[in-house]
Amino acid sequence: MAASIDLPDLRTEYPPHAPGRVPAERSSLLGLLPGIALLAGVGYAGKFVEHFINTYGKTHHYVLPNIEYVLWAILFGILIANTVGLPRIFRAGVATYEFWLKAGIILLGARFILGDILKLGGISLALVFVAFAFSLTFMTWLGRTFKLGPQLTTLLAVGSSVCGVSAIIATQGAIDADEEDSSTAIAAILALGAISLFTFPLIGHALHMSDRAYGLWAGLAVDNTAEATAAGALYSDAAGKFAVLAKTCRNALIGFVVLAYAIQWARKGLASRAATEQLENKAAFLWKKFPKFVLGFLFISLLATLGSSANPHVSALGFSKPQLTALGNLSRWAFLLTFAGVGLRTNLKDLFKQGARPFIVGAVGEVAIAAITLLLVLGANHFFHL
């Protein structure tokens, strides 16, 4: 009999009726294999198309656009999800895309030494906090202006300011938002994140942005971690690394944001008894909400740093160069599964379940956030040479 294991984050990442939602149930390892195989097949199809187009162009001396496998994998996934749909046998395995995303980011730490992380710089970290404050404030104001419900407004605000779907799900329980609000917010965030994959690289190239400036912008302005990672990777490998760094800094704020909203709702008497009881131990609440993969990323980066030391006694404690190369390759494979999952879980039919207003709020807010963060990054790059 196959061993029974818990699916990663199914109950938190996929609320009932959310786009791409998989029932929160235990599944055997064997039950995950069809969906994981589908992720691998869609991701590899993206790699194949990218390689085929590049090879065809070189062979016939054509100048063809170099479209990364990232975008092909996402497009194939969206096509499948919104035409034939996702049969039940694949759903549990496809739901593991979030696990592969976190694994990919942790393994990506092998490609950073701690000095690289520090190179993000005080100016860049300041931009993270400025962009976070603007996004949260502006989206809240916009939701109230369009007369959205307070729960839906809050979910859109935290989703756009912190880390997309994960922030929405973490906040849903704290403010007792219903499933329809959560589903609508998730659908809007995912659809707008998919659009950013087409627009951000075009804007970056048109403005001749450096890898670092573009990666920082993508990490600040794209909501969901998977889409931010993909948007960076579509520009360049170096831009992808900086996008992950900036996005990881935003992700680290999730526990504090959810705690603040939980306290606010409890003081107003709007929170349920269960949600209020969770606040009795604020340290435990923060630890529960904190994204643990951030710590994994830093730990792997620490081992990479030790391995690069000139001192043989110190370097023996870390990873060797062959090990770092192997971990970097594993990270790329994990992201390949992730990007396929991004497309397969994007359900365009759920966008307008509550009418057009939530999507309009999300779209206007995202355009404003992208524009303001772009100006901030360009200004910082001009004056401080990021």
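Mentor: A nonpolar core is a set of buried Ala, Val, Leu, Ile, Met, Phe, Trp, Tyr and Cys residues joined through side-chain atoms within 4.5 Å. Keep in mind that this is a predicted model.

Trainee: Which residues touch the most other members of the largest nonpolar core?

Mentor: That core has 58 residues, and the ones touching the most other members are Ile-74, Met-209, Tyr-214, Trp-217, Phe-339 and Val-377. Apart from it lies another core, made of 38 residues, including Ile-168, Ala-188, Val-257 and Tyr-261.

Trainee: What does Trp-217 touch, not counting residues up to four places away in sequence?

Mentor: Trp-217 touches Phe-200, Ile-203, Gly-204 and Met-209, and also Ala-370, Thr-373, Leu-374 and Val-377.

Trainee: Thr-373 is on that list. Is Thr-373 buried or exposed?

Mentor: Buried means under 20% relative accessible area. Thr-373 has a relative accessible area of 1%, so Thr-373 is buried. Its place is in helix α20, residues 357-384. Beyond its neighbours within four places in sequence, Thr-373 is in contact with Ala-131, Trp-217, Leu-220 and Ala-221.

Trainee: How many residues along the chain lie between the positions of Thr-373 and Phe-134, and what separates their C-alpha atoms?

Mentor: The two are 239 residues apart along the chain, while their C-alpha atoms are separated by 9.2 Å.

Trainee: Turning to helix packing, at what angle do α8 and α14 pack?

Mentor: Helix α8 (residues 150-163) and helix α14 (residues 254-267) pack at an angle of about 160 degrees, and their axes are 11 Å apart. Angles over 145 degrees count as roughly antiparallel, and α8 and α14 are therefore roughly antiparallel to each other. Their crossing is right-handed.

Trainee: Which residues make the contact?

Mentor: From α8 come Pro-150, Gln-151, Thr-154, Ala-157, Val-158, Val-162 and Cys-163; from α14 come Ile-254, Val-257, Tyr-261 and Trp-265. By type, the residues of this contact divide into nine nonpolar, two polar and no charged.

Trainee: Now the backbone. What is phi of His-61?

Mentor: Phi of His-61 is near 60 degrees, a positive value in a residue other than glycine. His-61 is found in the loop between α2 (29-59) and α3 (69-81). The cut-off for exposed is over 50%, and His-61 counts as exposed because its relative accessibility is 73%.

Trainee: Where is Lys-147?

Mentor: Lys-147 has its place in the loop between α7 (121-145) and α8. Phi of Lys-147 is near 60 degrees, a positive value in a residue other than glycine. With a relative accessibility of 66%, Lys-147 counts as exposed.

How values were computed: Residues are numbered from 1 along each chain as its sequence is written. This is a predicted model: local features need pLDDT of at least 70, side-chain atom pairs count only at pLDDT 80 or more; totals for chains, interfaces and linings use all residues. Side-chain values use heavy atoms; hydrogens and water are left out. Buried means under 20% relative accessible area, exposed over 50%, partly exposed in between (1.4 Å probe, protein chains only). Contact means heavy atoms within 4.5 Å. Helices (H or I, at least four residues) and strands (E, at least two) are DSSP runs, numbered from the N terminus. Axes are lines fitted to C-alpha atoms, for helices over the stretch in contact, and angles run from 0 to 180 degrees between N-to-C directions. Angles under 35 degrees count as roughly parallel, over 145 as roughly antiparallel, 65 to 115 as roughly perpendicular and the rest as oblique. A crossing is left-handed if the near helix is turned anticlockwise from the far one by less than a right angle, and right-handed if clockwise. Ala, Val, Leu, Ile, Met, Phe, Trp, Tyr, Cys and Pro count as nonpolar, Asp, Glu, Lys and Arg as charged, and the others, Gly among them, as polar.
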